[in-house]
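Biologist: I'm new to this one. Could you walk me through how to read it, feature by feature?
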Amino acid sequence: MADYMTALLTLLQPMNFIMMYLCTLVGAVLGAIPGLSGGLGITLILPLTFAMSTELSFSMLVGMYVGGVSGSFIAAVLVGIPGSAASIATCYDGYPMTKKGKAAKALSIGITGSFIGTFISIIVATLCSTYIAEIALKLGPWEYFSLCLMAITMVVGLSNGSVFKGMTAAFLGLWLACVGTDSVTNQMRFTFNNYNLFGGINVVCLLMGTFALQQVATSYAKGNQEMPKVDEGALGGIGLTLKDFTDNIKVIVVSLFIGLWIGFLPGMGSGISNILAYGQAKKMSKHPELFGTGVDEGVWATEVSNNAGVGGAIIPMISLGIPGDATTVLLMSAMTIHGLQPGPMFIRTNPVLADLIFATVLVSAILIFVTELLTKKYFPLLLKAPYHYLYSAILMIAFMGAFSSTTSMFSVYLVLFFGLVGIVMDYFGLPMTPLMLAFILGGKIESYFRMGVSYGKGDYSLFFIRPISLIFILITVYSLFGPMIRKALKKTAQRN
């Protein structure tokens, strides 16, 4: 408790608090604009945090994360286009409510559901992370190798319905993680005699290219630059009563647990939890046939679950060093850049910083909840932002950020190269999350594998005979081959 109070007082220092609030607002704006996201905001401000204190840096980054997830429902409700994958299912009933003249109520449900999901999930994360980390400290390199492998394959198994595409992206990420000097033998790997690659690939360049540059290029090429008109006259009032809470309490509780669980699973994220929660709410409903026509339960389910994923995703990041979703991959990159090692020892060695992250989520959730309630009648203005100005600013920040990370033009060339790689991957439908996850965890996988083999004196069977390691490996195998087996069984059943 003393560490948490110290962290809270640090967060409430004027500079930390103001920058956190500003980043939360910017994250909400980026989350509300289709094609952009809070994750993009984190990517762009990451290089700016190099010269800042660790506390200020993570106040800004985590604030951007919370704002981005919270703001993604705005376009989904007003124009039927999700700001990000986290609010795909919100479109199903949020936009029909707007067309019925219930935009104020739909937005209020989205704002309140987002707050409930984030607030409760981060309290759970704060209480559970220490205990999970204590358990994790008792595990050996065999379990950690299997856990990292499982994290990547679980993401691969959910990659756009194609395990092959997910595996291709993951192998690319692992290959990129191998570039540089071998930490044991000191041999050069895939450097092509270029001294700029001796230290490996800069994570900032990879992020700027595959995330920022690719997103701008593909969005511009697809013509995603104009939004439909919004009826601004239907946004007055709160639109919620106590009865709205009591009538939907079951949906709220179930969606909260779905969001927490999906967020905890490595690499899953709110893009999956909001769809699963929507489906579960439909199953629980007494009138499932009305879903898709503008019912409250649909919006409650999606917005509570996708924001509950915030707390769920932070638990494995802090406790295990495994990112819970695509955005926590970026936060882990920030930790690496600041010389921190996420994982079981993180809470022990950096207790105040760990609590600062929890406190930032909590305070940001409260601030964005109040701000959104007071300003929701101005939400349509966010969708009128001229894209040609946004894209120009994003590209400028991306290139400046890459250059500032190494003060070398080679970093700028890397951004262009990885931007091209990202565009090619998008064209062929290769998912980006397995690549980023594999790149972040690639070094750990290699290190834990070598440690396990060394400690076992060349005995590879220890990866399979240790119970927890075996469980992780079985989950890994199921994640890879489960979808194929289910597909084959389904085809067989259809033939019969």
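Modeller: Let's begin with what a helix label stands for: helices are DSSP runs of at least four residues, numbered from the N terminus. Leu353, for example, sits in helix α17, residues 351-375. Keep in mind that this is a predicted model.

Biologist: Good. How many helices and strands does the protein have?

Modeller: There are 23 helices and two strands.

Biologist: Back to Leu353, then. Is Leu353 buried or exposed?

Modeller: The cut-off for buried is under 20% relative accessible area. Leu353 counts as buried because its relative accessibility is 8%. Across the protein, 55% of the 496 residues fall in the buried class.

Biologist: And which residues does Leu353 touch, leaving out those up to four places away in sequence?

Modeller: Its contacts are Thr54, Phe58, Leu340 and Phe346. Over the protein, of the contacts with a separation of 6 or more, 78% link residues 24 or more positions apart.

Biologist: Which elements each supply at least two residues of its lining?

Modeller: Those are α4 (54-71), α7 (103-136) and α17, the helix that holds Leu353. The lining residues include Val66, Phe115, Asn307 and Glu372. By class, the lining of the largest cavity has six nonpolar, four polar and one charged.

Biologist: And a pocket?

Modeller: A pocket, by contrast, is an open set of points. Take the second largest pocket, with a volume of about 680 Å³. Two or more of its lining residues come from each of α9 (163-178), β1 (180-181), α15 (326-337) and α21 (432-455).

Biologist: Which element gives the most to that lining?

Modeller: α21 does, with eight residues. The lining has 28 residues in total, and those nearest the centre of the pocket are Ala177, Phe439, Ile440, Gly443 and Lys444.

Biologist: How does the lining of the second largest pocket divide by class?

Modeller: It has 14 nonpolar, 10 polar and four charged residues.

Definitions and conventions
Residues are numbered from 1 along each chain as its sequence is written. This is a predicted model: local features need pLDDT of at least 70, side-chain atom pairs count only at pLDDT 80 or more; totals for chains, interfaces and linings use all residues. Side-chain values use heavy atoms; hydrogens and water are left out. Buried means under 20% relative accessible area, exposed over 50%, partly exposed in between (1.4 Å probe, protein chains only). Contact means heavy atoms within 4.5 Å. On a 1 Å grid over the protein atoms alone, a cavity is a set of points where a 1.4 Å probe fits but cannot get out, and a pocket is an open set with protein on both sides within 12 Å along at least five of seven lines; lining residues have an atom within 4 Å of a point. Grid points are joined across faces, edges and corners, and a volume is the space filled by probe spheres set on the points. Ala, Val, Leu, Ile, Met, Phe, Trp, Tyr, Cys and Pro count as nonpolar, Asp, Glu, Lys and Arg as charged, and the others, Gly among them, as polar.
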